[in-house]
Amino acid sequence: MARRQEQESARSEVTEVAAGVLRMELPIRMPGLGHVNCYAILDASGAALVDPGLPGPGTWRALQDRLKQAGLAPRNIHTVIVTHSHPDHFGGAGRFAKEFGSKVVAHHSFGFGVLTPTAAPEVSVDDLAAGDSGAGVGSAPDAEESGAAEDQDRSALEQLRAATTGITPWGGARPRPPWRTKLKWRVMRWLGSSVIPTVSHPVEHGDVLELADREWFVVHTPGHTGDHFCLHDPETGAFLAGDHVLPSITPHISGISSSPDPLSSFFFSLDRVAEMAGVGRVLPAHGHPFDDLAARCHAIKRHHHERLDEVRAISRELGPATVTAFSQRLFKQRSWGAMAESETYAHLEHLRLARQAESHRDDSGRLVYVVG
Ligand SMILES: [Zn+2]
Ligand SMILES: [Zn+2]
């Protein structure tokens, strides 16, 4: 399979993608992703940055380079806007606040994404698997971006992930880790918490932000995380989509969420933005800008409805089965593990809460589902 646009390595050029809005690609090497888009929204006093990449010196250096190209210095960044609580989006926010006094804008429920117990938060398991067969994942990044600093960024991310490892709601008790592992987790939790920004300006659905001398509306879009929001500028049609709607991959919907039914939340949020009038250019956090927001929302919904149909068919075949059993039928062996189980759990709980499935715990505490 060809490389997805979200897997392309970060390019250093800065491009104007909407009036007064610059796209700056920052390097990341997370599974299924090659870059994150940081957007600079310009005004007379400097700029607001949306999603300033991973924590760590490699991203910071790349961002300084992009800002310089745009004629900006870090002290000109008066505001940092974080679309949701994933580390490739909030990474640089705390540093801007600390060193330059930037405001940090995020949803008032910001935070759950960093506490999610399962590891990889971004891309659906299907799209990770697609990446494995293509040239994208793990391919060499641009020479400019490679090297030790990026490795430090990656390890910061891994520390964050490790810091959040917990017990799955579907799997019963986890074996007690040895003391050495527990000590490592404690250190990592401390390291992880040191890069999570403090939100100085919490926002909620319907709030208006004045950016580039225009009014941008906060559109709360729970699903990928409970605290995710998009920004819409009705004057030009620009729509900052974060990870809610990506051009060619499906965002990961974790079963472990602040919502009991994250898939329902996601469907609600897809409908919410698909029905919006006055949306033109969509500016996603990964991949290229695109135009038909409603069509992309419908395609993503279709994918999940097909997945729900597969879950029903597997249940007919297996009878009562654990989340692990369902996930091992849904996904190829190379994708098995916590992330596949988390997506499977989101689909099973969606069906259970719609009264199309029932569950109980077996003797070892594992949830067992029957669908239909
Ligand atoms: Zn995300
Ligand atoms: Zn992302």
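Trainee: Is tyrosine 345 buried or exposed?
Mentor: This is a predicted model, where local features need pLDDT of at least 70, side-chain atom pairs count only at pLDDT 80 or more, and totals for chains, interfaces and linings use all residues. Residues are numbered from 1 along each chain as its sequence is written, chains are lettered from A and ligands numbered from 1 in written order, and side-chain values use heavy atoms, without hydrogens and water. Buried means under 20% relative accessible area, exposed over 50%, partly exposed in between (1.4 Å probe, protein chains only). At 10% relative accessibility, tyrosine 345 is buried.

Trainee: How many aromatic pairs are there?
Mentor: Rings of Phe, Tyr and Trp (its six-membered ring) pair if their centres lie within 6.5 Å; planes under 30 degrees apart are stacked, over 60 edge-to-face, the rest tilted. Applying that rule gives 4 aromatic pairs.

Trainee: Why is the pair of phenylalanine 96 and phenylalanine 100 called tilted?
Mentor: The ring centres of phenylalanine 96 and phenylalanine 100 are 6.2 Å apart. Their planes meet at 45°, so the pair is tilted.

Trainee: What separates phenylalanine 96 and phenylalanine 100 in helix α3?
Mentor: Helices (H or I, at least four residues) and strands (E, at least two) are DSSP runs, numbered from the N terminus. Both residues lie in α3 (residues 93-100), 4 residues apart. The separation is therefore about one helical turn.

Trainee: How many residues apart in sequence are the parts tied together by tryptophan 170 and tyrosine 345?
Mentor: These two form a tilted pair, 5.0 Å centre to centre with 40° between the planes. Tryptophan 170 sits in the loop between α6 (148-163) and α7 (179-194), and tyrosine 345 in helix α11 (residues 338-353). The pair therefore ties together parts separated in sequence by 175 residues.

Trainee: Which side chain of opposite charge is nearest to aspartate 227?
Mentor: Aspartate 227 is buried yet has no salt bridge (a side-chain nitrogen of Lys or Arg within 4 Å of a carboxyl oxygen of Asp or Glu). Lys and Arg count as positive, Asp and Glu as negative; His and chain ends are not counted. At 13 Å, the nearest side chain of opposite charge is arginine 272.

Trainee: Which backbone nitrogen lies 3.0 Å from a polar atom of the side chain of aspartate 227?
Mentor: Aspartate 227 is in the loop between β9 (214-220) and β10 (229-232). The backbone nitrogen at 3.0 Å from its side chain belongs to glycine 111.

Key: Polar contact = N/O pair within 3.5 Å; in protein donor to acceptor, adjacent residues only side chain to side chain.
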